[in-house]
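User: Please examine one part of this model closely. What surrounds it, and which links join it to the rest of the chain?

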Amino acid sequence: GSAVVVEFMDYNCGWCKRAVGEVSQLVEKDKDLKVIFKEFPIFGEDSEYAARAALASTRQGKYWELHRALYAHEGKVTAEVTDQLAAKVGMDVAKLKKDMEDPAIQATLAANRALGQSLGLSGTPAFVIDSTVIPQYVTIDVLEGEIAKVRKAGCQFC
């Protein structure tokens with residue numbers, strides 16, 4: 001894409017659940033936009049489990065399906081809920097659990113934490129659009145405005 005939005009998120013964050021609608025609208029409206037999700041589990045073990053499952057789901061080609069299912073769930077996303085949703089979107093849950101144990105998954109989460117900390121993030125959601133860090137939920141209008149600025153001025157970091 002000609003612009004990149006990075007979202008740091010946690011599947012148990014209520015504001016992230018709201019933001020998924022804004023980001024989905026962005027993706028639908030702007031086909032020249034690249035969105036990168038950074039799992040940034042800050043709400044405990046269940047969030048950590050869901051983040052590891054989401055990352056491991058890429059090995060079955062089901063990231064987007066699981067991502068959306070986790071956010072569509074009403075209530076807390078627990079390990080049990082994550083497994084149920086993975087099965088519901090057509091994943092092999094035994095394979096998923098094995099893939100979740102891969103040290104590369106933990107390394108990705110550690111890298112996401114280090115990046116978030118270097119950006120001064122203490123919560124979710126948080127958005128990075130080129131050199132602009134938005135450490136909170138914002139509406140689609142704000143995101144579109146920042147994307148327009150990047151496209152007008154040229155991307156410094158994308």
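Analyst: **A helix and its surroundings**

The buried residues of helix H2 are covered by elements that include strand S2 (33–39), helix H3 (63–72), helix H4 (79–88), helix H5 (93–100) and H6; contact here means heavy atoms within 4.5 Å. Helices (H or I, at least four residues) and strands (E, at least two) are DSSP runs, numbered from the N terminus. The model is predicted, so local features need pLDDT of at least 70 and side-chain atom pairs count only at pLDDT 80 or more, while totals for chains, interfaces and linings use all residues. Residues are numbered from 1 along each chain as its sequence is written, and side-chain values use heavy atoms, with hydrogens and water left out.

H2 runs over residues 45–57, and its 13 residues should span 18 Å at 1.5 Å a residue; the end C-alpha atoms are 18 Å apart, in agreement with this. The expected span is 1.5 Å times one less than the number of residues.

The helix is mostly covered, since 11 of its 13 residues are buried. Buried means under 20% relative accessible area, exposed over 50%, and partly exposed in between (1.4 Å probe, protein chains only). Among the buried residues of H2 are Ser-47, Glu-48, Tyr-49, Arg-52, Leu-55 and Ser-57.

A salt bridge is a side-chain nitrogen of Lys or Arg within 4 Å of a carboxyl oxygen of Asp or Glu. Asp-46 forms one with Lys-76, and their closest N and O atoms are 3.3 Å apart. This pair links distant parts of the chain: Asp-46 is in helix H2, whereas Lys-76 is in the loop between H3 and H4, 30 residues apart.

The side chains of Glu-48 and Arg-113 also meet in a salt bridge, at 2.4 Å from N to O. Because Glu-48 lies in helix H2 and Arg-113 in helix H6, the pair ties together parts that are 65 residues apart in sequence. Glu-48 has a relative accessible area of 17% and is therefore buried; Arg-113, at 26% relative accessibility, counts as partly exposed.

For comparison, one may turn to a pair within another helix. Glu-146 and Lys-149 meet through their side chains in a salt bridge of 3.1 Å, N to O. They are 3 residues apart in helix H7 (residues 140–153), and so are separated by about one helical turn. Glu-146 is buried, with a relative accessible area of 15%, whereas Lys-149 is exposed at 53%. By the rule stated above, the count comes to 11 salt bridges.
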